[in-house]
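Dear colleague,

Please find below the structure that I am handing over to you. My notes on what was found in it follow directly after.

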Amino acid sequence: MTPFLQVKNLQHIYSTGTPFEHVALEDVSFSVERGEFIGIIGHTGSGKSTLVQHLNGLLKPTAGSVILDGKDIWSDKALTRQCRFKVGLVFQYPEYQLFEETVYKDIAFGPKNMGLDNAEIDRRVRKAAGFVGISEQQLESSPFDLSGGQKRRVAIAGVIAMEPEILILDEPTAGLDPESREEILQNIDAYRKAQNATVMMVSHSMSDVARITQRLLVMNGSHLVMDGTPAEIFNRAQELTDMGLDIPEVTRVFLRLRQMGMDVPNVYTVSDAAQVLFSMKGGRIDA
Amino acid sequence: MSKAISVEHLSYSYPGVDDTPGVAVFEDISLTVEDGSFVAVLGSNGCGKSTLAKQFNAILLPCGGKVYICGMDTSDEERLIAVRRSVGMVFQNPDNQIVANVVEEDVAFGPENLGVASPVIRQRVDNALRQVGMYEYREHAPHLLSGGQKQRVAIAGIIAMEPKCIVLDEPTAMLDPQGRKEVMDTILALNAQKGITVVLITHHMDEAAMAQRVVVLSNGRIAADGTPAEVFSQVDLLHSIRLASPETVELCYELNRKGFSLPLDKLSVEECAQALYDAIKA
């Protein structure tokens, strides 16, 4: 069976033939199925953003290919255009891209560009707003009167309204407080489940990716260096640290406990850590 | 000891459009920041952190009460330039702060505006770029740098003006762990070695834990103020205002709800592991 999205030996070189020539991606290959929730991690300059911009045809590979539903997205112009609707990309700080008079119009911009009729646009705007927790009342207000967290939701809704089969988000929780961070992650996951969509999330927050994704891709020095479940990836904690990445604090606490001679597994969320320690006490604490 | 920043009964509302009433951010807030200290300001989105920061170099002026910077009243127009020279601001998005086509020219922009002599500018720019680890990029074009590198250039631009106080509004929000560490190391060094007063607005609890003092804002009021250990041990309070403690404290808190009785002021991984070890082995 052909995978839903396949990236084959992808290479990208910026500013070829200038003194600023820079290889951003080298021989990157992986494939993705419908409904997967994938985290992409790697330090600044490792090629994460360059990679995701290839997945909806914003950048053209200098070598290798991106294959969506069995077809190379660059093999003909119609396919490239189609891929931009099938694969929705939410950039870093998307709230800076809001421009319309009302929240409704802003969310409707994408579906309108797709040439949908008004009834369908209306359905999609309301559904997308529902996913990100924007109320009916807020739809008629100016996006510029909203708080930072709400603006972020509106911007994400604008992409969700195009009902992409693959939703890619670059740092969707940067600059938000812990509570809003959790809410937005849950919103995104709700969209994934409802549409059986694939979600790929670029993030520096190891705790976020550990908690919510099922699979992690680790980029380092233009290469894809790891591909596995969060448990498999965080088992290689030392390698991650060497790459300039951070591991969740609870994971480090447990590594330390192991050094101290305690027999504890790898954990990467606070609730798992608490559960492990609780059961070590026999699941019962005498107060 | 003099106060770098002194806020006295500050009230501030954003003006309304047409006839609509303005949005009140602060009604009566007072806060002092000692010279040479390192204060972190925490708060959920929309609590007034950035509005407060903008009061510190007179981008915004009080509607009521006073803000003094090194003893100067920010609403005194004659002191405006002196106030802005005393407080350097670094914002969240480096793209909005870079003005020149070459890194070193960008860093020189501030001191040039202050009328600093050319040879001194050269020296300040080089020093500032070294301090943020961007010296080797001095002849690069800023738009080709990564977000983390741009942010360090923006910080260098502020350092080159040699302000008494630096206010950073979520300077690491866009950076990776390595970039965050570099920026935090830079901030800590500026504070420790050069005695620059630092006000750091952040959503990263582990960054706030590096400060000498943590101030928590909620709905335009100060909800907590103390050392990192004092503030982060108030887990229930923090949760009630949409914040969290570092994972180390959250883990102990979670276990306490299951019947453990762990201390909530063990912020570092080392201390936390020790406390857990003792509790399990007991």
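A residue is called buried if 20 or more other C-beta atoms lie within 10 Å of its own, exposed if 12 or fewer do, and partly exposed in between, with C-beta atoms placed from the backbone. This is a predicted model, in which local features need pLDDT of at least 70 and side-chain atom pairs count only at pLDDT 80 or more, while totals for chains, interfaces and linings use all residues. Residues are numbered from 1 along each chain as its sequence is written, and chains are lettered from A and ligands numbered from 1 in the order in which they are written.

I begin with chain A. Its secondary structure comes to twelve helices and ten strands; these are DSSP runs numbered from the N terminus, helices (H or I) of at least four residues and strands (E) of at least two. Of the 287 residues of chain A, 47% count as buried.

Helix H6 of chain A covers residues 148–160. How many of its 13 residues are buried? Twelve are, so the helix is mostly covered; among them are A:Arg152, A:Val154 and A:Ile156. The elements that cover the buried residues of H6(A) include strand E6 (87–90), helix H4 (118–132) and helix H7 (178–195) of chain A.

Next come the domains. An automatic or database domain assignment sets the bounds, giving domain 1 (5–238) and domain 2 (248–282) of chain A. Nine residues of domain 1 are in contact with six residues of domain 2, where contact means that the C-beta atoms of two residues, placed from the backbone, lie within 7 Å. On the domain 1 side, H8(A) supplies the largest share, four residues.

Finally, 38 residues of chain B are in contact with 40 residues of chain A. H11(B) gives the most to the side of chain B that touches chain A, with seven residues. That side divides into 17 nonpolar, 13 polar and eight charged residues. Here Ala, Val, Leu, Ile, Met, Phe, Trp, Tyr, Cys and Pro count as nonpolar, Asp, Glu, Lys and Arg as charged, and the others, Gly among them, as polar.

Yours sincerely

Technical notes. Expected span 1.5 Å × (residues − 1).
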